[in-house]
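Subject: Two-chain model, handover and notes

Hello,

Here is the structure we talked about. My notes follow below it.

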Amino acid sequence: MFRNGSSRQRSDDGADGTAQREAGAAEGSKLGRLLRSGVLFSEGLLPEGATGPRAHPLVRFFVRWVRRPLLPVLRLWRRNIQLRVVAATLLMSLVVVLLLGIVVIGQVRNGLLDAKEKTAQSQASGGFAAAQEMADSAGSGRSGGSSSGAHAGVGSQNTGTWLNNLVEQLASGGQGVYSVVALGSSSGDSPFIDNGSATAARGPRASGDIRPEESIPSNLRKALDEEPGTHQRYARVYRQDGGSTAGLVIGKRLNDGRGGAYQLYYVFPFTLEEESLNLVKGTLATAGVFVAVLFGAIAWLVVRQVVTPVRMAAGISERLAAGRLQERMKVTGEDDIARLGESFNKMAQNLQLKIQQLEELSRMQRRFVSDVSHELRTPLTTVRMAADLIHEAREDFDPATARSAELLLGQLDRFESLLGDLLEISRFDAGAANLEADPIDLRDVVRRVVEGCEPLAERYGSRLLVCGDERPVVAEADSRRVERVLRNLVDNAIEHGEGRDIVVRLASGGGAVAVAVRDYGVGLKRNQVDRVFNRFWRADPARARTTGGTGLGLSIAVEDARLHGGWLQAWGEPGGGSQFRLTLPSTAGDTLRSSPLSLEPADSSRRRGLSASSAARSGTASARRDPKSLSAGGDTSGSRAERAADGGAVTAEPDDGATTALLPEDGAEGTGGGVRSAEGAVKGEGSDGS
Amino acid sequence: MKGRVLVVDDDTALAEMLGIVLRGEGFEPSFVSDGDKALAAFRETKPDLVLLDLMLPGRDGIEVCRLIRAESGVPVVMLTAKTDTVDVVVGLESGADDYIVKPFKPKELVARIRARLRRSDEPAPEQLAIGDLVIDVAGHSVKRDGQSIALTPLEFDLLVALARKPWQVFTREVLLEQVWGYRHAADTRLVNVHVQRLRSKVERDPERPEIVVTVRGVGYKAGPS
């Protein structure tokens, strides 16, 4: 009677509309059930599926709105690996639990439905058989009587009663497990419908409290009309009180006793099954949340085990870096973390040892320097005093002895300054030099230096000119060191200035102060500029030494400048003289970016050549680099090319043609010295500076 | 001119040479070569000035200086071969009035000694006030509320120099010239250290000086009276 295969197949084909309406996108009933269960489950926990795409711009807005107050949290998220791992574990275990839940619930649901379906089918087929029997017996009982049209009203009345009885009778075995619905067949020859009989006879009948019209899907009714046999559909069963449950509807077209067709449905609401399923869902959800949280806690504990030593190592290495060399990690056990700790400690140990060795070495060197200083200086003092005494009394000596006394004193001076310079240099090398920066006015320093150097300049026939001392030139600097540097520069300028004027320029601006010492002497060649700050370097070894410099002066000056965070740079051209520029930051500790004075003086042969030839063409390369014109003191014209000089890319040759062509006359007019070419007109950034 | 000078130096050659130079300049030198004996020699000879080598066998020069300063304000000039700030400052803080770096020229040494001895030559009756202090220049005393404050001669000179021209800001260089007798600018640490020591004696709160006020970037001046 019950043709399982074909009806199932058909019901599957026709179920699409219902299934879609109820559960989303379901094709087959099994898949539909699976998905439906999944969607049902997920409705409780995840607002995804249908709501997802619609909420997308909203989510974006939400993220943006929420982001701002969450920034500290985000930072914590980025910085805290433990948080990330725990969160990832939580998320992943949630996903796993969710998938697991969907599968388990699908299985349970399928099992429940299969069992329900089987019992339902057997119950329904039993019911249909019973109904058919009753119809047959009723039909034979009544066949003799009312068959004429006059009895039609009474007959239908009877049929209605009979159907009522039938439904009640059939439903009495259901006890809430199922309800029975009887509907008129829509096909023409039905006793329910024909000849416009009373509504009571044609109306649907239902046991229990279900609403038959809504609960029986229309496609099922159509299928029943079109084809004989048993049909079934999953459908939503609506109760009289407005509630609804999913359910299985099995229907069959039957004939009443008089050959009229009617449709008899067995409706099985899944009330119990849904309860069981909900119980399973609830249990699974609870268990899932517990498992996820447990996983998170486990991850937290596990990560903590790894992260704690790593954090400790980070903290300790920070403290090591800050100079607390005795810091060590605590090592327990023999695992990988312990190995990390051990090797870390070994590293720290070696580091500490090395640093201590170096410190010891440095201390020893300083000590040595100090001791040598004392040991050498004490006898030197005695010699010095003795020589002075002898020198005082030289008039009483014969000329040879008197001259000897003079030489003795002179060379003692030289010896002294050499010793002093050596000690100074070794102090720099040992890192023992320290800066005592006070705000000083460089004009005072320059004045003192110029006063001090005046006698020497007179001897050489040079004049010392100072420019740019109209306004204070104040910087935080060690006046002793600055004075030493400047005295050295001026001494050098006088010594190599060949009796021409020496110009000392001062300027301040742009967070820096500068002093440039310009001479118009023999000048420097390009390769000499780089080496002028080397220790014991001499511009021309064959040149007679007259002032008795030690050869360390400029090296010490560079060190002094560097100690200030300043620059000492040289420029020179053969025959055109040279310029040394000291640039110091106005505030001690600041970083220099530019100098208020140009390194290459405005009266260099190249510059004059350039301005004479084509001012428009010449300045461009460097002017682009330094559009702002720095002006303070006497020099406003020269800030362009110096940028090029500072950058180390000086352009003496690129402008060659015009420059060299114009050089001779310009050079002759300016310096009187034989300017041959511009090739030496080059920057010299010593070893210092940037 | 009187001038008993005690030379404390372990280098006999240098000591002898110093003796020759000092005698040539009219001082009366006496010698001691051991730091441990220096104090006894000091008490015995009662010098007007002490020339003290920083590195000595036995007690070192700094310790000797401290002991001398503890019982007398006699000028102490240190001879040192070290020019490192730490060495110099430690020496000055132990109480030395001045220091001279080896190798020095005899004239330089004599000039320093004379500068230290000079002040006692010309006492002029003069009363000065600086802050709540009263200075009796001739009587060599400084009093606050009748309580006299003990100062070394150098500290006294420094205070007097400032108090004589309370309207003027003294640069360290000017002070070096006026108080120490340097003709050329020398080490301004000398001034800093002595100002600190003076403040520790005369100020109510050395952290917030009211008598000797720092003018930032320039120097020092006397506080308002």
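How many helices and strands does chain A have? Chain A has 22 helices and twelve strands. Both are DSSP runs numbered from the N terminus: helices are H or I with at least four residues, strands are E with at least two.

Some ground rules. This is a predicted model: local features need pLDDT of at least 70, side-chain atom pairs count only at pLDDT 80 or more, and totals for chains, interfaces and linings use all residues. Residues are numbered from 1 along each chain as its sequence is written, with chains lettered from A and ligands numbered from 1 in the order in which they are written.

Confidence
The model scores ipTM 0.72 and pTM 0.48. Chain B averages a pLDDT (the predictor's confidence in each residue, from 0 to 100) of 83, and 92% of its residues score at least 70. Chain A averages 73, with 71% of residues at 70 or above. In chain A, pLDDT is below 50 over residues 143-154, a stretch with six contacts beyond near neighbours in sequence. It is also below 50 over residues 614-690 of chain A, where the model has 158 such contacts. A contact means that two C-beta atoms, placed from the backbone, lie within 7 Å. Where pLDDT is low, the predicted coordinates should not be read in detail.

Chain A
Of its 690 residues, 36% count as buried. The cut-offs: buried means 20 or more other C-beta atoms within 10 Å of the residue's own, exposed means 12 or fewer, and partly exposed is in between, with C-beta atoms placed from the backbone. Among contacts in chain A with a separation of 6 or more, 72% join residues 24 or more positions apart.

One example is A:Ala299, in helix α11 (residues 271-321). With 19 other C-beta atoms within 10 Å, A:Ala299 is partly exposed. A:Val85 is 214 residues away from A:Ala299 in sequence, yet 7.1 Å away in space, C-alpha to C-alpha. Beyond neighbours within four places in sequence, A:Ala299 contacts A:Val85, A:Val86 and A:Thr89.

Helices α15 (residues 479-496) and α17 (residues 553-563) of chain A pack at about 145 degrees, axes 9 Å apart. Axes are lines fitted to C-alpha atoms, for helices over the stretch in contact, and angles run from 0 to 180 degrees between N-to-C directions. The residues in contact include A:Val485 and A:Leu489 of α15(A), and A:Leu554 and A:Ala557 of α17(A).

The interface
The contact between the chains takes 19 residues from chain A and 18 residues from chain B. Helix α12 (residues 336-392) gives the most on the chain A side, with 13 residues.

Chain B
Which residues of α2(B) (residues 35-45) are buried? They are B:Gly35, B:Ala38 and B:Phe42. Seen down the axis of α2(B), they fall within an arc of 30 degrees, so they line one face of the helix. The arc is that of the directions from the helix axis to the C-beta atoms. These buried residues pack against β1 (4-8), β2 (28-32), β3 (49-53) and α3 (61-71) of chain B. The face turned away carries the exposed B:Ala40, B:Arg43 and B:Glu44. B:Lys46 follows α2(B), with a positive phi near 45 degrees.

In α3(B), the buried residues are B:Gly61, B:Ile62, B:Val64, B:Cys65 and B:Ile68. Their arc is 160 degrees, so they too line one face of the helix. Exposed B:Ala70 and B:Glu71 sit on the face turned away from the buried side of α3(B).

Best wishes
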